[in-house]
Amino acid sequence: PASTPCAAPRNDHNAAAMTYCVGIMLEDGLVFASDTRTNAGVDRISTFPKMTVWERPDRVLVLLATGNLATTQGVTSRLEEAMTAGSEHALDRVPTMFRAAEVVGDALRQSYGRDAQALKDAGIDGGGSFILGGQIKGERQRLFQVYAAGNFIEAVAETPYFQTGEVKYGKPMMDRVVKTRIGLIEAAKCALVSFDATMKSNISVAPPIDLLLYRKDTLRVGLRMRVEDSDPYFLELRRRWNEGLRQVFAQLPDVPWTLA
């Protein structure tokens, strides 16, 4: 569901938020991570946060966005305006996470529908997609992926994480490590390694990385931080991961075939 860089390279409003976002659902809580790279062509690189957090006494909601920047910012603005207006359909008033996912999907359809024809005429991909997760008092924590059409799916124990944006480079790491039983810190470490793998192969994803950890049933953010490229822990993680990969590769048995 991620969009490609748009046809108007000098128009920041149509910049592609070709980012990499991850949401992980664990037995102990939720982990979210997103990069901050946006581009409207190789000579027009900007930094915009893709993570939005709403923390209230009875709920914590986290939204990660990828796609056309104008579209995704329009969705977030619609959601904020509904809360300011005191709408019964606002994210700070809906009774369940399922309803929250419906609200995000509706806002996405409205934002994209408003400009769809104009974007099509200009040859611009105006789509967007989201990962929404959190917990509302009285129900369990939940995690959803909201697609460009406004429909969505929910994470389950067999598929406990979602990615959106530039997903292919970080997916192998996530598939091998992420299980619902691992801890929040271990999942955060895995997410950062998957970001490093993605950044190694694709310049459209870059730090800073926004990271958030939520412990189940606390109804408050446990940790929220921005990981810069110069962060000592991130640098050490990158160094050890690279060295470890080379060591493991060197220890693999040679192929048993003989060249003629």
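The protein chain has a secondary structure of five helices and 13 strands, where helices (H or I, at least four residues) and strands (E, at least two) are DSSP runs numbered from the N terminus. This is a predicted model, in which local features need pLDDT of at least 70 and side-chain atom pairs count only at pLDDT 80 or more, while totals for chains, interfaces and linings use all residues. Residues are numbered from 1 along each chain as its sequence is written, and side-chain values use heavy atoms, with hydrogens and water left out.

Of the 260 residues in the protein chain, 48% are buried, that is, under 20% relative accessible area with a 1.4 Å probe, protein chains only. Among contacts (heavy atoms within 4.5 Å) between residues at least 6 apart in sequence, 64% join residues at least 24 apart.

Five strands form an open, antiparallel sheet in the order 11-2-3-12-13, two strands being paired if DSSP finds at least two bridges between them. Strand 11 and strand 13 stand at the edges with a single partner strand each, so one side of each is left without a neighbour in the sheet. Within this sheet, strand 2 and strand 3 pair in the antiparallel sense over five bridges, and Met25 stands opposite Leu30 in strand 3.

| Strand | Residues |
|---|---|
| Strand 2 | residues 20-25 |
| Strand 3 | residues 29-35 |
| Strand 11 | residues 161-165 |
| Strand 13 | residues 223-227 |

Helix 5 (residues 232-251) has 20 residues and reaches 29 Å from its first C-alpha to its last, close to the 28 Å expected at 1.5 Å a residue, a span calculated as 1.5 Å times one less than the number of residues. At the start of helix 5, a side-chain oxygen of Asp231 comes to within 3.0 Å of the backbone nitrogen of Tyr233.

Methods
Buried < 20%, exposed > 50% of the residue type's maximum accessible area, 1.4 Å probe, protein only. Polar contact = N/O pair within 3.5 Å; in protein donor to acceptor, adjacent residues only side chain to side chain.
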